[in-house]
Every structure is written in structure tokens, then in C-alpha cells.
Amino acid sequence: MVTDPIADFLTRIRNAQMAGHRVVDIPASNLKKRMTEILYNQGYILKYKFEDDNKQGVIKIALKYDLASKQPAIQSLERVSRPGLRQYASPSEFRRVKNGLGVAIISTSKGVMTDKEAKAQNVGGEVLCYIY
């Protein structure tokens, strides 16, 4: 049993990129689906598909690589808040990820969103992860 599904989500993507896989399958949940949509909208993955398997479902993610250097588009996936130590922040406390080039995924009362969207809506929440 997985005790931290968000860390499992990030680790599956990280491991698939290190192995050079094109597609990775991840067990679905509403939180993971929203995180996948954010990754796609920010340009970190090529495409994604939600499949129903009569259980909880599966998310298929097509990973994005640089054509010339074969390097993955995602350089780092860093889990911030974890079950043993939750990290919360207000909009004024959001730190810049990779000097503004990265993105933080925040779980707010208005849903899961990027740090820029949360700052624009002036809502704080749990800082789930940093991606760059």
C-alpha cells in the first residue's frame, strides 16, 4: 500500500524519465489528474490520457524529451509537503522556483493550481511539489 500517493506519482515520472521510457502508467485519482493537467499546461509533458479500468482508473502520460540532446523536459520533481511534515504557505510566502522558471503546485481551498494562479487569486494552501 502506498502511504504517499503524490510522492509515488512524482517517483514514477522520475523513474520513467531516467529509464528513457516514452509513456508511463500511473494509478488515477482526482488530485493526480489535476496535477497531470498542470504538467501538460505548463509544457512539461507531451500529452496524457485518462483510462477507466473498472477500478480506480489509469493515467497514461507521454513524456517529453529534447530532440537534440535526448534530455527530459522535467529536470527536477521535488516533493515539498509530505505526510510527516505538511508545508503550508500564504500567497506572500510563495518562493520562486528556479528563479521563476519552475512551477510550484499548490493545493488550495479553490482546488489544485500553480503558485502563479494561487497568487493571482490570493489564496494560500499546501505546497505539494516544485517542478522545473
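Visitor: Where does Asp4 lie?
Guide: Asp4 sits in the segment before H1. Helices here are DSSP runs of H or I with at least four residues, strands are runs of E with at least two, and both are numbered from the N terminus.

Visitor: What kind of model is this, and how are residues numbered?
Guide: It is a predicted model, in which local features need pLDDT of at least 70 and side-chain atom pairs count only at pLDDT 80 or more, while totals for chains, interfaces and linings use all residues. Residues are numbered from 1 along each chain as its sequence is written, and side-chain values use heavy atoms, with hydrogens and water left out.

Visitor: Back to Asp4: buried or exposed?
Guide: Asp4 counts as buried because its relative accessibility is 13%. Buried means under 20% relative accessible area, exposed means over 50%, and partly exposed is in between, with a 1.4 Å probe and protein chains only.

Visitor: Which residues is Asp4 in contact with?
Guide: Setting aside neighbours within four places in sequence, Asp4 is in contact with Arg79, Arg82 and Pro83. Contact means heavy atoms within 4.5 Å.

Visitor: And where is Val80 found?
Guide: Val80 is in the loop between strand E4 (77-79) and E5. With a relative accessible area of 19%, Val80 is buried. Again leaving out neighbours within four places in sequence, Val80 is in contact with Leu85, Gln87, Val127, Leu128, Cys129 and Tyr130. The C-alpha atoms of Val80 and Ala7 are separated by 9.5 Å, at 73 residues apart along the chain.

Visitor: Different topic. At what angle do H1 and H2 pack?
Guide: About 40°, with the axes of H1 (residues 5-19) and H2 (residues 30-41) 10 Å apart. Axes are lines fitted to C-alpha atoms, for helices over the stretch in contact, and angles run from 0 to 180 degrees between N-to-C directions. H1 and H2 are therefore oblique to each other; under 35 degrees counts as roughly parallel, over 145 as roughly antiparallel, 65 to 115 as roughly perpendicular and the rest as oblique.

Visitor: Which residues of H1 and H2 make the contact?
Guide: From H1 there are Pro5, Ile6, Phe9, Leu10 and Ile13, and from H2 there are Leu31, Lys32, Met35, Thr36 and Leu39. By class, that contact has 8 nonpolar, 1 polar and 1 charged residues. Ala, Val, Leu, Ile, Met, Phe, Trp, Tyr, Cys and Pro count as nonpolar, Asp, Glu, Lys and Arg as charged, and the others, Gly among them, as polar.

Visitor: What about Met18, buried or exposed?
Guide: Met18 is in helix H1 and is exposed, at a relative accessible area of 65%. Its C-alpha atom is 28 Å from that of Glu126, 108 residues apart along the chain.

Visitor: What is phi of Asn54?
Guide: Near 60°, a positive value in a residue other than glycine. Most residues other than glycine have a negative phi. Asn54 is in the loop between strand E2 (45-51) and strand E3 (58-63), and Asn54 is exposed at 74% relative accessible area. Asn99 also has a positive phi, about 55°, and is not a glycine. Asn99 lies in the loop between strand E5 (88-89) and strand E6 (103-108), and counts as exposed at 61% relative accessibility.

Visitor: How many helices and strands does the protein chain have?
Guide: There are 3 helices and 8 strands, and from the N terminus on they run α-β-α-β-β-β-β-β-β-α-β. Of the 132 residues, 41% count as buried.
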